Amino acid sequence: MTIELSGIELRGFHGVLERERQEGQRFLVDLELDLADTTAAETDRIEDAVDYRDVVATVVEVSDARAYHLLEALADALLARFPVTRVRVRVRKPDVELARTVDHAAVVVERRG
């Protein structure tokens, strides 16, 4: 069983450029969490489930805890927080400034437990 949360919007002070770290910018986080325990599907009880509210709160907490230079480090820090068999984190920077227009810059990190 996999939980997906897409487009968790954050305002963070992450980046290599000093301006990014001072002014902040938008980030979008997409998560896939493979659950080891599927009891909630049988019981239909939130107490047995991974609560989406807790997952989103954890994403915000990790982002707010410190400023990361690289998206890779932010994504890796998120991975360490979830007790699952597999986690895939994609951190997107939708307002990235490059020499050419791009939809977004992103880093995807996947870990298996």
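Me: What does "buried" mean, and what do "exposed" and "partly exposed" mean?
Reply: Buried means under 20% relative accessible area, exposed means over 50%, and partly exposed lies in between, with a 1.4 Å probe and protein chains only. Take Gly12. Its relative accessible area is 1%, so Gly12 is buried. This is a predicted model, in which local features need pLDDT of at least 70 and side-chain atom pairs count only at pLDDT 80 or more, while totals for chains, interfaces and linings use all residues. Residues are numbered from 1 along each chain as its sequence is written, and side-chain values use heavy atoms, leaving out hydrogens and water.

Me: Where is Gly12 found, and which residues is Gly12 in contact with, beyond its neighbours in sequence?
Reply: Contact means heavy atoms within 4.5 Å. Gly12 is in strand E1. Leaving aside neighbours within four places in sequence, Gly12 contacts Glu20, Gly24, Gln25, Phe27 and Ser63. Look at Gly24, twelve residues along the chain from Gly12: their C-alpha atoms are separated by 5.2 Å.

Me: How many helices and strands are there in the protein chain?
Reply: Helices (H or I, at least four residues) and strands (E, at least two) are DSSP runs, numbered from the N terminus. The protein chain has four helices and four strands. From the N terminus on, the order is β-α-β-α-α-α-β-β.

Me: How do the strands form a sheet, and in what order?
Reply: Strands of a sheet pair through backbone hydrogen bonds, either parallel or antiparallel. Here two strands count as paired if DSSP finds at least two bridges between them. The four strands form an open sheet in the order E1-E2-E3-E4, with antiparallel pairing. E1 and E4 stand at the edges with a single partner strand each, so one side of each has no neighbour in the sheet. From one strand to the next, the twist averages 15°.

Me: Which helix packs on the sheet, and which strands does this helix touch?
Reply: For angles, axes are lines fitted to C-alpha atoms, for helices over the stretch in contact, and the angles run from 0 to 180 degrees between N-to-C directions. H3 packs on the sheet and touches E1 and E2. The direction of H3 makes about 35° with that of E1.

Me: How many bridges join E3 to E4, and how many pair E2 with E3?
Reply: Eight bridges join E3 to E4, and these strands run antiparallel. E2 and E3 also pair in the antiparallel sense, over seven bridges. Val87 stands opposite Arg111 in E4, and Arg86 stands opposite Arg112 in E4. E3 is mostly covered, with six of its eight residues buried.

Me: Where is Asp30 found, and is Asp30 buried or exposed?
Reply: Asp30 is in strand E2. Asp30 is buried, because its relative accessible area is 9%. Across the pairing, Asp30 stands opposite Arg90 in E3.

Me: Which side chains make polar contacts with the side chain of Asp30?
Reply: A polar contact is a pair of N or O atoms within 3.5 Å; within protein, one must be able to donate a hydrogen and the other to accept it, and residues adjacent in sequence count only if both atoms are side-chain atoms. The side chain of Asp30 has such a contact of 2.8 Å with that of Arg90. Another, at 3.0 Å, links Asp30 to the side chain of Arg92. Beyond four places in sequence, the residues that Asp30 touches include Leu5, Ser6, Gly7 and Val89.

Me: Which residues touch the most other members of the largest nonpolar core?
Reply: A nonpolar core is a set of buried Ala, Val, Leu, Ile, Met, Phe, Trp, Tyr and Cys residues joined through side-chain atoms within 4.5 Å. The largest one has 20 residues, and Ile8, Val29, Leu31, Val59, Phe82 and Val89 touch the most other members. At least two residues of this core come from each of E1, E2, H3, H4, E3 and E4.
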